[in-house]
Amino acid sequence: MDSIIAAFHWFVSTFPTLSMALGLLLLPLVPLIIGVAMYVWWERKVIGWMHVRMGPNKVGPFGLAQTFADVFKLLLKEVVYPANSNKTLFLLAPLWALIPSFAAWAVIPIGPNVAWSNANAGLLFLLAMTSMGVYGIILAGWASNSRYAMLGAMRSAAQVVSYEIAMGFSLVSVLILAGSLNLSDIVQAQAGGKGLFDWFWLPLLPMFVIYFVSGVAETNRAPFDVAEGESEIVAGFHVEYSGAPFAVFFLTEYANMILVSFLAPILFLGGWLSPIQGWVHADVAWYVDWIWKGGWPWLFLKVFFFATAYVWFRASFPRYRYDQIMRLGWKVFIPITIVWVFVAGCMKYFGWVTAGA
Amino acid sequence: MIQFNPADLATMLPELFLLGATCTILLIDLFLKPTQRDVTHWLSLAALLATGVLVWRDAPAQGASIAAFNGMFLRDGVATVLKVFVLLTTGLVFLYSRDYLRGRKLFVGEFYLLLLFATLGMMLLVSAGNLVTVYLGLELLTLSSYALVALNRDSAVSSEAAIKYFVLGALASGLLLYGMSMIYGATGTLDLAKIHAIADFSANSPHRMLLAFGLVFLVVGSAFKLGAAPFHMWLPDVYQGAPTAVTLFVGSASKIAAFGMTWRLLDGAMGGMHVHWTQMLGVLAVLSLAIGNVFAIAQTNLKRMLAYSTISHVGFLLLGFVNGSASGYAAAMFYVISYALMAAVAFGMIMLLARAGFEAEEIDDFKGLNQRNPWYAGVMAIAMFSLAGVPPLFGFFAKLMVLKAVIDAGQMWLAIVAIVFAIIGLYYYLRVVKVMYFDEPHDATVLELPRDRGFRWVLSLNGLALLALGVAWGPLLDWCDRAFAVAALIPR
Amino acid sequence: MSFQLICFYAFAAITVGAALAVISVRSPVHAALCLVLTFFSTACTWLLADAEFLAIALVLVYVGAVMVLFLFVVMMLDLDLDPLREGFVRALPVGIVVAVVMLVEMLGLIGVRSMQLPAPPEPAAAAGMSNTSWLANALFSQFLLPFEVAALILTVAIVAAIPLTLRRRTGTRTQNPGRQVMVQARDRVRIVKMAAEKPAPAADKTGETTP
């Protein structure tokens, strides 16, 4: 143990910049991974309640340690390579899915200008990163040398590419109103004296709905989870995966869901702003002021709502048929978004909606 | 910051009108039954006519060059003349091809729409005042052309031609872009007039190499699009493989636009270096004359023969550039217009003879045409004589003007080479005439003419026009001269 | 040598290496993936040049959409590239000549560069705005016409794609799932009210043995 600590000391003192960079990199990742574990537990619990079951309740208090137990089990299992599979790509695929989904977190702010990278083109960066994630799925499907996996990958690729367009347009309408691509600026543009009516969900109501639905489709979650489609193609693109690579896919999926749950409030529901902003002016104590002044607890409450909505959808809706998904994306969402981008442009041009307080 | 100026829209009114009309036709065509396709046909013709009227009405005063969108778009005499003839030849394509398309299940709205979009691209191309507009206009034209060549999906020859056209066309666009990027690197501007002001090849110029490379690529890209040897490989296959209606378009209207592009790029932007590009064009012209005329002799397929004849005509066209002065450009423009009108007759005749399931594209298919229908044999003979450059037809005076420009430039040997090859070329044009008049027909029945009376009338008129313009070529040449003479005088 | 310069050389080397791999690897899927890497590292070099919008747009459009479809097609076709590669060695000398010519050209350009005047200041920085908004301003003012023409070219591509690919086969039997779902009970079952059948009178009894 001492030698490990000594080695750590040596490393930090010899490469201070590198250590700091690594530390900064780990800073968002560790909470994210723990968050994913909690989210999986919460999903199973909520679905359990909806099914009038208990959900996980044996490992740890309220079954909280259940996910960790599952993860350790997966990590210790053997990785099975399918016959005639392309081993390099087979292992590269989960990483290629994971890296963009983690990289996207770099620009997520949790307070005014509090982000790992307060990039100017943050919104574009997010779009770019989420569009890269589909490679992991396609490669997994192809490298597995399995028909089910290939079918799942094809479905997923078509679906993600289609819904990205609608998603992109809804982000465009947000940036038209906010006049910035910086996520922190976008939240600040929703500040004002009219409480929650200053947020973008009101002028962009159709876009808000479309954004979140597209987000659900982008993450391949129910009711759009045809990429996995247990009843038709077993488990879709990751049917051949086991052990740690499977855990990585699992982690990616939940990290992406949390990402979408963060973006929906940041873009449309005022991020960390309080829904009663501008209505109450008081200074009581730092631990209650955030209720009207806004702060990260509000953001996390909103995120919690959307994350739960994901679970709620999964428990409520039957799976869409594939052609219905495509129809919804191309024939319903994209036309609506195109029209609403124009409407948003008018709102901005004629000054019906102004950015900022 | 540069502001948008609404007056710019008025400057490009003909183009905007054509765009609006095309979009309207696109929408109307969606709701038409296949039996009502004639509506699209007449609407397209009406759109071309109205655009032509607008171009004519808004023709700028002599010598004026009106710039719009920060010099991206220019309206001057050259653009007006070229646009009028681009619209005219596109209209001929529509008029000639209706029955032909109907017989081949190609009578679809997309044919008209793609041609209209291509026309728009050509109008932008000949009006371009900026390297970006040149490139985009060209792409609008060529992208539509690729699709048009491939329109007959069930024909393997057609698909092969389209793929060849696409691959080589994309290569040519790449070369052109490469040259443009070098010129941008050397001059720091994309505006043709500004490049003209900066680009010279004097020894103390800091960017000599870069400009030289850029110029070479521009010349190569333009030669590809014109079909000058040794960048002609795509031409015979495309001419033969494409539906004849599309061949007519590629061979007439788009050659006029390619001339406009070459002039804008070489004189408009690189005019200061004309000493260098005239040499390159001289080599290209001689090669084109030689390859075009010699290879045409060996052809039995009329469309392929006309393709090689196009190559030789492009050689003549480039000779006009060798002069590097207004009179030379005017001669070249006169030549390209005459070529487009002659090619229209030749391809129109092929379509006249074609039936469902019979292309009439072999020279043998014209055997004994005189016995079957003397009038159209006469029209074809006029076209062939005119293409060969026999006096007193239109083609003769076009060749004469170009040769005059070459001799004025002091390039006597080029003129001699051109005359020698023109005489060699006489052989294969006259062979068609011989086949029509002296060979026995396969079937001696009277030629069954297409139902479309408009087609027959316009084709006859087109043929007679070659005769009429051969007699009274003065006004047209004068118009071409005026377009350039003044354009060269105004300070750029 | 600054950190940026090291990054530039690293990304440039990856770009060149990946581009070489695109044309030299055996499997088409690997080639497509190498092309993805080429695009990505190119985007990184652009980021180093402060062209953030172009860099991210490259990743978004080419890596995120175009190459996905490309990969999709390559995987579906299961190409056998060996016949296509047969001419590779034969064409190699020509290819090398072309490459050498290009290289000489590039050297010519570098030779030019040494004589070049200092680069003009970066317009976005000079205007005091971010690269993205400067680009937007330029596109929608100075380059408005080309921008619109580019949109027109995309329209042409769509119009052209329809006659080239849309094929209505006659005589094929396909389902229309949309209509299937719309079906209602009354389309399938017809409930008819009718009087109950009464047993036939006794005279018919003889026929009962032979149903």
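Over which residues of chain B does pLDDT stay under 50? It stays under 50 over residues 488–492 of chain B, where pLDDT is the predictor's confidence in each residue, from 0 to 100. This is a predicted model, in which local features need pLDDT of at least 70 and side-chain atom pairs count only at pLDDT 80 or more, while totals for chains, interfaces and linings use all residues. Residues are numbered from 1 along each chain as its sequence is written, and chains are lettered from A and ligands numbered from 1 in the order in which they are written.

**View 1. Confidence along chain B.** Chain B averages a pLDDT of 87, and 97% of its residues score at least 70. For residues 488–492 of chain B, the model has seven contacts beyond four places in sequence; two residues are in contact if their C-beta atoms, placed from the backbone, lie within 7 Å.

**View 2. The largest nonpolar core.** A nonpolar core is a set of buried Ala, Val, Leu, Ile, Met, Phe, Trp, Tyr and Cys residues joined through C-beta atoms within 7 Å. A residue is buried if 20 or more other C-beta atoms lie within 10 Å of its own, exposed if 12 or fewer, and partly exposed in between, with C-beta atoms placed from the backbone. The largest such core has 198 residues, and those with the most contacts inside it are B:Tyr335, B:Ala383 and B:Val402. Helix α15 of chain B (residues 326–353) gives the most to this core, with 24 residues; helices (H or I, at least four residues) and strands (E, at least two) are DSSP runs, numbered from the N terminus. Beyond its neighbours within four places in sequence, B:Ala383 has contacts with B:Met342, B:Val345, B:Ala346, B:Met349, B:Gly463 and B:Leu466. Another core, of 119 residues, lies apart from it and has among its members A:Ile186, A:Val187, A:Phe200 and C:Leu71.

**View 3. Helix α6 of chain A.** After α6(A) comes A:Asn145, whose phi is positive, near 55°.

**View 4. Where chain A touches chain C.** The contact takes 17 residues from chain A and 17 residues from chain C. On the side of chain A that touches chain C, α5, α6 and α7 of chain A each supply at least two residues, and the largest share, six residues, comes from α5(A). Chain A and chain B, by comparison, are joined by no contact, and their closest C-alpha atoms lie 16 Å apart. Of the two pairs of chains in contact, chains B and C share the most contacts.

**View 5. Two annotated spans of chain C.** An unreviewed UniProt entry lists residues 6–25, 32–49, 55–79, 91–112 and 143–166 of chain C as "transmembrane region"; UniProt positions are given in the numbering used here, feature names are shortened, and annotations may be inferred rather than shown by experiment. In the model, residues 32–49 of chain C are 94% helix and 0% strand, with end C-alpha atoms 26 Å apart. Residues 143–166 of chain C are 92% helix and 0% strand, with end C-alpha atoms 35 Å apart.
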